[in-house]
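Q: Could you take me through one part of this model slowly, as if I were seeing a structure for the first time? I'd like to know what meets what.

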2 protein chains.
Amino acid sequence: MPLDHGVVGVPSAPYERSWTSKDSLLYAVGVGAGLGDPLQELAFTTENSAGVRQRALPTFAVLAAQAPTGRKLGDFDPAMLVHAEQHFELHRELPAAGSVRTTSRVTGIYDKGSGALVATEAHAVDAASGEPMITSRSSVFIRGEGGFGGDRGPREEWAEPGRAPDHVVTYATRPEQALLYRLSGDRNPLHADPVFAGRAGFPRPILHGLCTYGVTGRALLHALAGSDPARFTSMSGRFSSPVLPGESLTVSIWVDGATALFRTAKDDGTVVIDRGRAAFTP
Amino acid sequence: MPLDHGVVGVPSAPYERSWTSKDSLLYAVGVGAGLGDPLQELAFTTENSAGVRQRALPTFAVLAAQAPTGRKLGDFDPAMLVHAEQHFELHRELPAAGSVRTTSRVTGIYDKGSGALVATEAHAVDAASGEPMITSRSSVFIRGEGGFGGDRGPREEWAEPGRAPDHVVTYATRPEQALLYRLSGDRNPLHADPVFAGRAGFPRPILHGLCTYGVTGRALLHALAGSDPARFTSMSGRFSSPVLPGESLTVSIWVDGATALFRTAKDDGTVVIDRGRAAFTP
């Protein structure tokens, strides 16, 4: 059964989501903060270290701004859906504990032939003050739902600069990383259950794309923004290949003023987040 | 100022504590379930794996049965207090999510010369049915509070059997283990903040004693009870030396029918849990 193309543009009701200091800490260790050297990144992993104020990792904004869209997308096999792209922009620093009210809508359903690319946008405001906090844009690719004669959608130019990266940051992940990351909310058994992962065609459970995204965000935060979340403005990237928990991730970063291009790859060179862009306060 | 010896025997008001499926999962990964091999111990780390029912690790009972005692112990420097011994007994299997009502009391204050040993006992019943679920006994050693001319307290015999252990199980811990374990409730900065740990005389933050205890409990569960929490009856041990996160723990187990003696040591042979006893259904 095809997707319901009438869903495009229909705004959701405002959806309120709160998070606690503990939620921020759990997310931080879930994306590897303190991994290997627990004395680093104490601002993200502890709330009571001497002289250290707790901060939220910028990428936690993607989870904070998650909200149901206004209308059901139609009937399709959820096993055919993969997270394709993720962008977010912070209009102010995300607090370590807070509450947002989010409105989201599907902004486009694009025809990629072998499948449909469904793009969604969410706007989250501080629940108390009403001030804009997060704009989040993401897209999912649904295999088998293309070929409806629609537009292929916009394609943004992205070319690797013809020079060595300005920063190259490698972070390990743990074999058990997904068991930890999933406690921040995404309980899809694809990331934990070998039986389910096998049915989806993977040799073993794969890491959450948004965990890879969060690990990458830590590299950008430390390399570009001096580890200060208030200087981290935006980040976007395209998920291009799955990661198995335990694989190392190397983020290559090319800086141009207050923006940067980046790419995340595994040890064997496979690119897992492609076409990355970030903005920050130098 | 001395301890208030009048506290002995004064029962607390019943204290109710609930835990969720997520609390059990977080505790399990906090004590290393799935560490290194995420496909093991799925019953403790996931709630939605095909054909696997979620269970709580038996040692989670110690946290579930924690409750304030009936009266303040007196004024003393909390930095002088260390966890000395921990025992628990399960009267039925701990559910993955549940609620208990706990009454606790100080059962003795013993004079060890250099300090006082304060022993506490807690009885937790299922909050819904009133049926006994957990008996927990623990003691803390408070340096500088001895020498009051009191009884030295009972001393149970424990001798290493004159033969090789029946089981020897080694589990790694992660350098970041305490950052994860602390999210199950014990936020003492001794386990995360290098400044605080330095003031307490440690080169860096040390692992929670109850994390070491939980790792040890996993070894006992798998070696003695066929990984079945319903067959795990009781466990006790004395904390004899601190562990740094990242150190490996080797549990040596001597079985005798439905009971066992055990000891947990670091790679350099330092014993960290001594005088261990466990009971199980063979």
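**Where the two helices cross**

A: Let's start with the crossing: α1(A) passes α1(B) in a left-handed crossing. Keep in mind that you're looking at a predicted model. In each chain, helix α1 covers residues 21-30. Two packed helices are described by the angle between their axes and the distance between the axes. Here the axes come within 14 Å and cross at roughly 40 degrees. Angles under 35 degrees would count as roughly parallel and 65 to 115 as roughly perpendicular, so α1(A) and α1(B) are oblique to each other.

Now zoom in on the residues that do the touching. From α1(A) you have Lys22(A), Asp23(A) and Leu26(A), and they meet Lys22(B), Asp23(B) and Leu26(B) in α1(B). Sort that contact by class and you get four charged residues, two nonpolar ones and no polar ones.

While you're looking at chain B, follow its strands too. Strand β5(B) (residues 132-143) pairs with β2(B) (residues 81-90) in the antiparallel sense, over nine bridges. In that pairing, Glu85(B) stands opposite Ser139(B) of β5(B). Strand β4(B) (residues 115-126) also pairs with β5(B) in the antiparallel sense, over 11 bridges. There, Ala122(B) has Ser136(B) in β5(B) as its bridge partner. β4(B) and β5(B) form a hairpin with five residues between the strands, and in this hairpin Gly130(B) takes a positive phi near 80 degrees.

Terms used: Residues are numbered from 1 along each chain as its sequence is written. Chains are lettered from A and ligands numbered from 1 in the order in which they are written. This is a predicted model: local features need pLDDT of at least 70, side-chain atom pairs count only at pLDDT 80 or more; totals for chains, interfaces and linings use all residues. Side-chain values use heavy atoms; hydrogens and water are left out. Axes are lines fitted to C-alpha atoms, for helices over the stretch in contact, and angles run from 0 to 180 degrees between N-to-C directions. Helices (H or I, at least four residues) and strands (E, at least two) are DSSP runs, numbered from the N terminus. Angles under 35 degrees count as roughly parallel, over 145 as roughly antiparallel, 65 to 115 as roughly perpendicular and the rest as oblique. A crossing is left-handed if the near helix is turned anticlockwise from the far one by less than a right angle, and right-handed if clockwise. Contact means heavy atoms within 4.5 Å. Ala, Val, Leu, Ile, Met, Phe, Trp, Tyr, Cys and Pro count as nonpolar, Asp, Glu, Lys and Arg as charged, and the others, Gly among them, as polar. Two strands pair if DSSP finds at least two bridges between them.
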